[in-house]
Amino acid sequence: MKEVVVISGKGGTGKTTVTANLAALANQFVLADCDVDAPNLHILLNPKILEEKPFYGGNVVVRHSDRCIDCGLCRVLCEFEAIAADGAIDPIKCEGCNLCVVKCPMGALKLVPQQSGTLYFSEIDRALMVHGRLKAGGENSGKLVTQIKRIAAQVAKEYGCEWAIVDGSPGIGCPTIASVRGADAALIVTEPTVSGLADLKRVVQLVEQFRVRAFVIINKFDLNLTVTEEIEAFCGDRDIVVLGRLPLTQAVVEALRRGELLVRQGRPNPVGDELNAIWNQLNACLS
Ligand code: SF4
Ligand code: SF4
């Protein structure tokens, strides 16, 4: 099984569109949506949820008020100002550090797991999909991503899948690191803008740190041909294969507005053809 993660320097570059369309071209695959802070692969693929379960990202403190003598020590000790003057504990501010629990003279505090998101196991056309969603302010997106990838790997093994296709988190933070770690290839979707090129350089550095082979797809390449050529030159200098260039056409805009896959549009379909060529080239590079 080969794991391919699709990432980008920031959100809104077309990463999820690319993921969904490549998945439509794959055979025997499992799909994982690891963009847990802003998941939208389900909007394009409309999965049927088979199972959902809570995700516990960390612990939060709770008080047994019958034991508390209101000495105020916990409030003074808490660096995160999670305990208000009236003793109310703010679960968003509490970092679960355990300090107040061990220092409370009455043993009135304890840590309990806090649900910070939900894990879903779903069915899409021809495949199974693992995805998740963090609650607003929910913590530990890297841990949720790691769980999604672990379940996807188990599913791939159980069903003999050839591919795990992962919609990774954008940026270079903890969830992106968790998305990239252990993958066979990272497809970095970028756009030809000055900030897009700067973001690409940072993401490439991250991917290389984890010894994952990087590939690049330039989305909306015709927005700025000069920067497109700069991106290609940067990739050439680092031996990174540019798998393809996707144009921004009215047909693309219309298909996205209708929530349709680009590879399933009627002919002529130059963008669908380019996505097919990208998929074939990736297969050839990884075989
Ligand atoms: S330290 Fe314990 S006893 Fe004191 S206010 Fe906090 S919970 Fe109550
Ligand atoms: S567990 Fe740590 S962060 Fe949470 S209320 Fe206690 S001292 Fe504050």
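A residue counts as buried when its relative accessible area is under 20%, as exposed when over 50%, and as partly exposed in between (1.4 Å probe, protein chains only). This is a predicted model, where local features need pLDDT of at least 70 and side-chain atom pairs count only at pLDDT 80 or more, while totals for chains, interfaces and linings use all residues. Residues are numbered from 1 along each chain as its sequence is written, and side-chain values use heavy atoms, with hydrogens and water left out.

**Helix α8**
- Helices are DSSP runs of H or I with at least four residues, and strands are E runs of at least two, numbered from the N terminus.
- Val227, Thr228, Ile231, Phe234 and Cys235 are the buried residues in α8.
- Looking down the axis, these fall within an arc of 120°, so they line one face of the helix (the arc is taken from the directions from the helix axis to the C-beta atoms).
- Over on the other side, Thr226 and Asp237 are exposed.
- The buried residues pack against β7, α7, β8 and β9 (241-246), with contact meaning heavy atoms within 4.5 Å.

**Helix α7**
- Buried residues here include Gly196, Leu197 and Asp199.
- Their cover includes β1 (2-8) and α6 (174-180).
- Just past α7, Arg211 has a positive phi of about 55°.

**Cysteines**
- There are zero disulfides in the structure, a disulfide being a pair of cysteine sulfur atoms within 2.5 Å.
- Cys68 has 30% relative accessibility, so it's partly exposed.
- Cys104 sits at 17%, so it's buried.

Definitions and conventions. Chains are lettered from A and ligands numbered from 1 in the order in which they are written.
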